[in-house]
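Please look over the structure before reading on.

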Amino acid sequence: MPTSKKEVTNLKYLLVIGDGMADNPMPQLGGKTPLQYAATPIMDKLASAGVLGSVLTVPEGMPAGTDTAVLSIFGCDPRTFYTGRAPLEAAASGISLSPGDVAYRCNMVTFEDAGGTAFEEKKIISHSAGSIEGEESDELIRELFETPVFKSAAEKAGMIVHPASSFRHIAVQKSADIDGIEMAAPHDNLGEVVGPLLPSGCDNADVLKDLMRIAHEVLDNHPINKKRRAEGKLPANGIWFWAEGTAVKLPDFTEKYGKTGGVVTAVPICHGIAALIGLEKIYVEGATGELFTNYAGKVNATLDVLRNHDFAAVHIEAPDECTHNGELYGKIQAIEWIDSRVLRPLIAGLAGIDFRMLILSDHKTLSSTRGHDGSPVPYIIYDSRYDKNTGLTYCESDAEHGKYIPVGEKLMSILFEQEVI
């Protein structure tokens with residue numbers, strides 16, 4: 001039955017992003033994708049009751065990643081607003097970029113232990129140095145930038161670093177020229193030889209490349225890395241600059257959609273976008289961005305946002321990180337926990353409240369390559385007031401039979417019923 005105006009006014013709106021959930025069929029899973037293989041009774045129920053389809057979140061020709069995809073999901077056309085990933089992450093920490101400044105993601109990474117092999121001939125083993133913990137990572141990056149040989153090179157380059165209490169640090173370079181520069185995302189090139197992936201395309205690329213080489217020389221035998229090796233962990237024996245970009249300004253979310261809200265996440269990119277569009281950044285103790293994270297804390301924080309606002313978004317990084325780490329069954333577990341530990345308690349917490357919910361994978365992360373892919377991803381738009389009872393399940397193949405949205409930035413307008421699919 002139609003709802004009254006009062007009921008519509010009291011609607012709550014949710015966005016749930018399972019980062020990198022979508023994938024391609026895998027031989028190890030009998031030709032199924034992880035979404036098809038995983039036990040997801042809640043997602044399947046919502047898919048059947050709501051609108052299921054696929055959406056292109058990454059415009060053709062743009063890099064596939066959480067940066068471009070989440071910009072799109074929040075209604076910001078990446079073709080207009082994207083200047084690079086690092087400036088978005090910098091905003092999460094309140095880092096202000098001046099004209100001429102360039103921000104970079106500065107990952108702690110693992111290069112292979114291959115004695116006597118030139119730096120350029122080594123392979124990159126882990127984009128996160130084995131998911132190094134924040135305290136160790138912060139100590140390593142601070143000591144690196146204070147080591148005389150590296151400090152001298154960094155000062156000459158006009159570069160400083162902002163530790164981020166994870167493997168994801170932010171470096172800022174003053175008066176930097178990145179015209180024509182080419183930089184590779186480490187998570188998309190695991191197991192590859194470093195040389196062809198190093199920065200190239202302009203004079204400043206040589207400066208960055210030299211900093212990365214010096215960093216490896218300094219960090220390779222650092223006491224923390226000797227300890228990590230002894231404990232069977234991967235060493236954080238290098239840094240990797242990428243995701244370069246200049247300052248960015250995004251449209252105000254509340255002005256555009258008439259809604260206020262907050263974003264619950266463990267990763268800087270989503271908090272940065274939240275800050276730039278005027279949504280509240282919500283931090284949860286114990287939220288790691290890995291498979292083992294504080295799911296209950298994220299759910300409670302999301303429900304708290306909805307008590308004071310119209311809209312809440314919760315982002316779960318685990319499927320993406322598991323895929324980058326080559327953990328296929330970890331990815332499946334992450335998907336199942338999003339179903340049981342996020343969606344189930346969220347819906348229970350909204351008992352008696354009308355709501356609309358958008359659920360999707362921001363982009364595909366392919367188990368076959370351990371990298372991102374920009375092809376369409378499945379989405380669900382569920383409305384608690386209706387049950388379409390289509391019998392469809394939440395997976396890539398069923399979504400292909402549903403509504404196709406060619407422009408990802410339409411999703412918010414559709415969620416808020418300002419636009420019809």
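Which residue in β14 does L360 stand opposite? L360 stands opposite Y379.

## Basis of the model

This is a predicted model, in which local features need pLDDT of at least 70, side-chain atom pairs count only at pLDDT 80 or more, and totals for chains, interfaces and linings use all residues. Residues are numbered from 1 along each chain as its sequence is written, and side-chain values use heavy atoms, with hydrogens and water left out.

## The open sheet

Eight strands make up an open, mixed sheet, in the order β9-β8-β10-β1-β11-β14-β2-β15. Strands (E, at least two residues) and helices (H or I, at least four) are DSSP runs numbered from the N terminus; two strands pair if DSSP finds at least two bridges between them. The edges are held by β9 (280–282) and β15 (403–405), each with a single partner strand, so one side of each has no neighbour in the sheet. On average, neighbouring strands are turned by 20° against each other, direction ignored.

Strand β1 (residues 12–18) runs parallel to β11 (residues 355–360), joined by six bridges, and I17 stands opposite L360. Five bridges link β11 to β14 (residues 377–383) in an antiparallel pairing; here R356 has D383 as its bridge partner. Strand β2 (residues 51–55) and β15 run parallel and share three bridges, with V55 opposite I405.

## Buried strands

Buried means under 20% relative accessible area, exposed over 50%, and partly exposed in between (1.4 Å probe, protein chains only). Seven of the seven residues of β14 are buried, so this strand is largely enclosed by the rest of the structure. V377, Y379, I381 and D383 point one way from β14, while P378, I380 and Y382 point the other way.

Six of the six residues of β11 are also buried, so β11 is likewise largely enclosed by the rest of the structure. One side of β11 carries F355, M357 and I359, and the other carries R356, L358 and L360. In a regular strand, side chains alternate between the two faces of the sheet.

## Helix α12 and its neighbour

Helix α12 (residues 268–277) packs on the sheet, in contact (heavy atoms within 4.5 Å) with β8 (261–264), β9 and β10 (311–316). The direction of α12 makes about 155° with that of β9. Eight of the ten residues of α12 are buried, among them H271 and I277. After α12 comes G278, with a positive phi near 90°.

The axes of α12 and α4 (residues 66–73) come within 10 Å and cross at roughly 35°; axes are lines fitted to C-alpha atoms, for helices over the stretch in contact, and angles run from 0 to 180 degrees between N-to-C directions. In this contact, T66, D67, V70 and L71 of α4 meet I269, C270 and I273 of α12.

## Nonpolar cores

A nonpolar core is a set of buried Ala, Val, Leu, Ile, Met, Phe, Trp, Tyr and Cys residues joined through side-chain atoms within 4.5 Å. The largest has 84 residues, and L15, F74, F311, L360 and M412 have the most contacts inside it. Helix α15 (residues 328–349) gives the most to this core, with nine residues.

Leaving out residues up to four places away in sequence, M412 touches several residues, including L15, F74, F311 and L358. A second, separate core has 52 residues, including M108, A129, M159 and I224.
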